[in-house]
Amino acid sequence: MTIDMSQFFQVFFDEADELLAEKERLLLALDIDAPDAEDLNAIFRTAHSIKGGASTFGMHDMTELTHVLESLLDCIRKGDMALTSEHVDAFLAAKDILKMQLDGHRHGAPVDQDAVADVRMVLQALSQDTPTPAPALPTGVEKAPPGSAAARRFRIELPKLAQRDVDALAAELGLLGTITVEPLDGERHALILTTDDSLDDIVAICAFVLDPDDLTIFEAPALIAAQRTLEEAQQARIEQELGYGFFDLPETDAVGVGVDANADNADSAAQSDAQRGYGFFQPIEQIRAAAASAAAKGMAPTPAPVTAPFAGQGDLEKKSTVRTTREPREPGGAGGAESSSIRVSIEKVDQLINLIGELVITQAIVEQRSDGLDPMRHERLLASISQLQRNTRNLQEAVMSMRMMPMDFVFSRFPRMVRDLAAKLGKQVDFVTSGAATELDKGLIERIVDPLTHLVRNSIDHGIETPAARIAAGKAASGRLLLSAGHQGGNIVIEVTDDGAGLNRERILAKAAQNGLTVTETMSDLEVWQLIFAPGFSTADSITDVSGRGVGMDVVKRNITAMGGAVEIRSARGFGTTITIALPLTLAILDGMSIRCGEEVYILPLGFVVESLQPAPDDIREIANRGRVIKVRGEYLPLIALHQVFSITPRFSDPCEAIVIILEADGRKAALLVDDLVGQQQVVVKNLESNYRKVSGISGATILGDGGVSLILDVSALMQTARQQADATPRPLPQAHTSAPPL
């Protein structure tokens, strides 16, 4: 029966991605002067695991590269060669090439074969350098080839396994040297391996297929020259004549196949497939016995046969006991750590979340329709509805947590980028992360990568100074870059902090004026820092491949705003800069405030709401050609009339009769005029653009408890529209003895 291996490809791709990321993390954390042995072993295991998987799925280009990489890593971890920065650079370059090859197999992406050849050449050149000798060996001692007298021979007796597992294990072990397969009783097999690798390497490979405790491994004595020559010749002849068991024997060779000229041809022909090694290899005992007999006739005065079977030889044989330290398994857990998680496609998770969203809507409908019931007559029914509400909320939170991923998935991308960029710019940077375990929705995780990349690159290029400049300013030569994440209320707050030179207020104002932006010397620092988010804004003196084109920070602001978040900058000249990003935990479900304007009900995201109030007549001011403002605790805020934005008929046109909601977004405040507050509720966000079209001022839609559709307001877009409608900043109002901020 043939197994379709393509069903396992995606699992291999996912695991290979994780192994490559782990390898990069370990390499970047290595102390080159005193590397930790466990870290070196872990890096070696990642390369070995990738090689094994690539070999299984026929990805020979990855197998060849990882074999060279693995050999070099093996020399370093065994102490035969000292680790240098050149090794780390080569290993990181090999990681990039393996990632490119993996994407080529997964997506059909082009693979730069010249780059592959260059990296392989570098690895081979490093492997051929004179290694640091082990204490017992002279300088320049190389590994013995598998067929040499110095190579070791192991007999690995396997428990009962499926034939495909035996074949896969033999193929993987064959990469270490010369492998033969011998059948045993009870559908068991033995593998005879000639290799110069260690016993630990053999056990590590076998552990991918079976429990190492089920192995029995013997180390056999080395063959003498005559035995080795005869074994190699016999194996080559059988492989050539039998075609590895896949082709029929020629008629001329069907009879008379024997080990020795004096062997009985009839007995040899009558042997079963099991006795002859399934047509692949002759049993090792027969080859060695014949070789010993031939050697005794030609080399020893007494013709005593020298047979060297693998078991029961005592003095001639050394038995190696395999023991591995394992964590105690949980009772009833057959799979140990591997059973603690499963891989589920994101489509299935999204489908489950959509169903939970429908359940939340249905629960809201049931709750709304039960509001008119008599609590005395329907006490048990109402209690059941209340219990349903709690269970729905708990189920929703549990399912939503399935989409939550730790920020480490984002943070782990940056150590390599910081290392490369700092080296390119001639700077020294200590990169520190905090809160990597903080969880965020998978959809936001994928979309936050680009903004954070811009911010980190900006901090290294513009913020942190060169070592000479830092020393001259009385700072340490190495700058510090901190990337942190944490929960704050219902949001996640991400901060990028550097201890560099800080923002230059005068330079930003001059550049803004040069670009035609409206600026004044009386602007607060918060307003000045927001100018760097303007499209095309850059204070770089020259354009490089790192910065200078002014296309970074405006992308950051636009992407974060699209995710329903906000960005804020704090900076002190000479001490550094902190950029804070606040994001909702998820975009699928949000807490909102239901508001009414005319006959329509809208949802206002609760994260933007500061307070609500009913203004007094004296608090409203009219500004010619610029709309109205409202005075709140001595501060004048622009008044946005929702009925004017969407051209609907309101119940109240007088602000003193309506309700004003104070909103805050992007560091600015505004007042939203509505007819009434309906209540607070949790809503399931539906994408309006994919189901209808993009509507200005609207970020999505939801279904209310009565089955009606309600639109979710885009607060940032509404405030931006209000600012665009104002031609200039309002002048100070004498009667209020204060000034209104820009709209």
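I counted a salt bridge as a side-chain nitrogen of Lys or Arg within 4 Å of a carboxyl oxygen of Asp or Glu. Ground rules for these notes: this is a predicted model, local features need pLDDT of at least 70, side-chain atom pairs count only at pLDDT 80 or more, and totals for chains, interfaces and linings use all residues. Residues are numbered from 1 along each chain as its sequence is written, and side-chain values use heavy atoms, with hydrogens and water left out.

**Entry: salt bridges**

I searched the whole structure and got 28 salt bridges. I looked up Asp 17 with Arg 106 and found their side chains meeting at 2.6 Å, N to O. Asp 17 belongs to helix α1 (residues 9–29) and Arg 106 to helix α4 (residues 85–107), so this pair ties together parts 89 residues apart in sequence. For helices I took DSSP runs of H or I with at least four residues, for strands runs of E with at least two, both numbered from the N terminus. Asp 17 has 22% relative accessibility, so I put it down as partly exposed; my cut-offs are under 20% relative accessible area for buried, over 50% for exposed and partly exposed in between (1.4 Å probe, protein chains only).

Next I went to Arg 419 and Asp 89, whose side chains form a salt bridge at 2.5 Å, N to O. Arg 419 sits in helix α14 (residues 414–425) and Asp 89 in helix α4, so here the parts tied together are 330 residues apart in sequence. I have Arg 419 as partly exposed at 31% relative accessibility, and Asp 89 as partly exposed at 39%.

I also checked Lys 99 and Asp 103, a salt bridge with its closest N and O atoms 3.7 Å apart. Both are in helix α4, 4 residues apart, which means about one helical turn between them. Lys 99 is partly exposed, at 28% relative accessibility.

I traced an open sheet of 6 strands with mixed pairing, in the order β15-β19-β20-β18-β17-β16. I let two strands pair if DSSP finds at least two bridges between them. β15 (609–613) and β16 (620–623) are the edge strands with a single partner each, so one side of each lacks a neighbour in the sheet. Neighbouring strands of this sheet are turned by 35 degrees against each other on average, direction ignored; the axes are lines fitted to C-alpha atoms.

Inside the sheet I picked β19 (residues 659–665) and β20 (residues 668–674), which run antiparallel and are joined by 7 bridges. Leu 663 stands opposite Ala 670 in β20.

Key
Axes are lines fitted to C-alpha atoms, for helices over the stretch in contact, and angles run from 0 to 180 degrees between N-to-C directions.
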